[in-house]
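Work through the exercises below with the structure open. Each task is followed by a solution in steps.

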Amino acid sequence: MKKIGRLDRPDNNGSAHMFDNPVLERLSRTHISIPIILFMGISTASLYYAVTATDISISLGLGIILVGLIVFTFVEYIMHKYFFHMEPDSPIKDKVQYSVHGVHHDYPRDKDRLAMPPFISAFYAMVFYFVFTFVMGDYALYFLPGFLLGYSAYLGVHYAVHAYQPPKNFLKILWVNHAVHHYKDPDAAFGVSSPLWDYILGTMPKKEK
């Protein structure tokens, strides 16, 4: 198994102590509901302005929301595979990789570290807004809610697969794939909220014979 964290095997009961400063240590943790509520609030405000301050039709706007959602699933996949799992071939890369993701592989059931802290999430949302507005103008007011809806779904699914037992329905594949990613093959199943891009790009977990 490719080593992602620093422990010999994942600790399902522990939690990393990342900062000596108690304020920074507390800020590195968050309840999963906080970034989801933040993103949903931003999405609601964006949709309000999209409907009231632009001439974009509702039907076209709904299509753009769907595009934003699908684009997020691709960004999620790419970020997970190439940034979260980058080769830590320098001290800086090692520190960054461990802080943003390696610690999660060491302590996969640490519920307070299944999402970025709120101030980082808010910064991400601001960057997304300005980049999307620069690229697509007023259409960003519809695209951003779709993208953040995808982000919120990712956070919710990621929390659920680590905190709860898998359901007995078609959603079970999300639990199974993520368990394979953590405990058997970290080079497979990079999609958390959806296996779409794992299917398309050939990183679905191999079926055991």
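**Exercise 1.** Classify F128 as buried, partly exposed or exposed, and do likewise for Y124.

Solution. The model is a predicted one.
Step 1: the relative accessible area of F128 is 19%. Buried means under 20%, so F128 is buried.
Step 2: Y124 has a relative accessible area of 27%. That value lies between the limits of 20% and 50%, so Y124 is partly exposed.

**Exercise 2.** Determine how the rings of Y124 and F128 are arranged, and how far apart the two residues are along their helix.

Solution. A pair of aromatic rings is described by the distance of the centres and the angle of the planes.
Step 1: the ring centres of Y124 and F128 are 6.3 Å apart, and a pair requires centres within 6.5 Å.
Step 2: the planes stand at 40°. Stacked needs under 30 degrees and edge-to-face over 60, so this pair is tilted.
Step 3: both residues belong to helix α5 (residues 118-136), and because they are four residues apart, about one helical turn separates them.
Step 4: Y124 and F128 are also members of one aromatic cluster, which includes F39, F72 and F132.

**Exercise 3.** Classify the ring pair of Y77 and F190, and state which parts of the chain it links.

Solution. 
Step 1: 18 aromatic pairs are counted in the model. For Y77 and F190, the centres are 5.9 Å apart and the planes are at 85°, so the pair is edge-to-face.
Step 2: Y77 is in helix α3 (residues 58-84), while F190 is in the loop between α7 (172-183) and α8 (196-201).
Step 3: Y77 and F190 are both buried.

**Exercise 4.** Find which residue pairs with D94 in a salt bridge, and describe the surroundings of that partner.

Solution. Side chains of opposite charge can pair when their charged atoms come close.
Step 1: the whole structure holds six salt bridges. One of them joins D94 and R6, at 2.9 Å from N to O.
Step 2: D94 lies in helix α4 (residues 91-106) and R6 in the segment before α1 (22-27). The two are 88 residues apart, and the bridge links distant parts of the chain.
Step 3: D94 is partly exposed at 27% relative accessible area, and R6 is partly exposed at 45%.
Step 4: R6 has a further contact, as its charged end sits over the ring of Y98, 4.0 Å from the ring centre.

**Exercise 5.** Which residues do the salt bridges of R29 and R113 join into one network?

Solution. 
Step 1: R29 bridges to E25, with the closest N and O atoms 3.2 Å apart. Both of these residues are buried.
Step 2: R113 bridges to D110, where the closest N and O atoms are 3.6 Å apart. R113 is buried at 12% relative accessibility, and D110 is buried at 8%.
Step 3: through salt bridges that share partners, E25, R29, D110 and R113 form one network.

**Exercise 6.** Locate M126 and name the kind of surface patch that contains this residue.

Solution. 
Step 1: M126 is in helix α5.
Step 2: its relative accessibility is 43%, so M126 counts as partly exposed.
Step 3: M126 belongs to a nonpolar patch on the surface, together with F123, V127, Y129, F130, V131, F134 and V135. The accessible area of the patch is about 840 Å².

Key. Residues numbered from 1 in each chain as written. Predicted model: local features only at pLDDT ≥ 70, side-chain atom pairs only at ≥ 80, totals over all residues. Heavy atoms only, no water. Phe/Tyr/Trp six-rings, centres within 6.5 Å; stacked < 30°, edge-to-face > 60°. Buried < 20%, exposed > 50% of the residue type's maximum accessible area, 1.4 Å probe, protein only. Lys NZ or Arg CZ within 6 Å of the ring centre and 35° of its normal. Patch = residues over 30% accessible without salt bridge, like charges linked within 9 Å, V, L, I, M, F, W, Y side chains within 5 Å. Areas by Shrake-Rupley, 256 points an atom, 1.4 Å probe, with all protein chains shown as cover. Salt bridge = Lys/Arg side-chain N within 4 Å of Asp/Glu carboxyl O.
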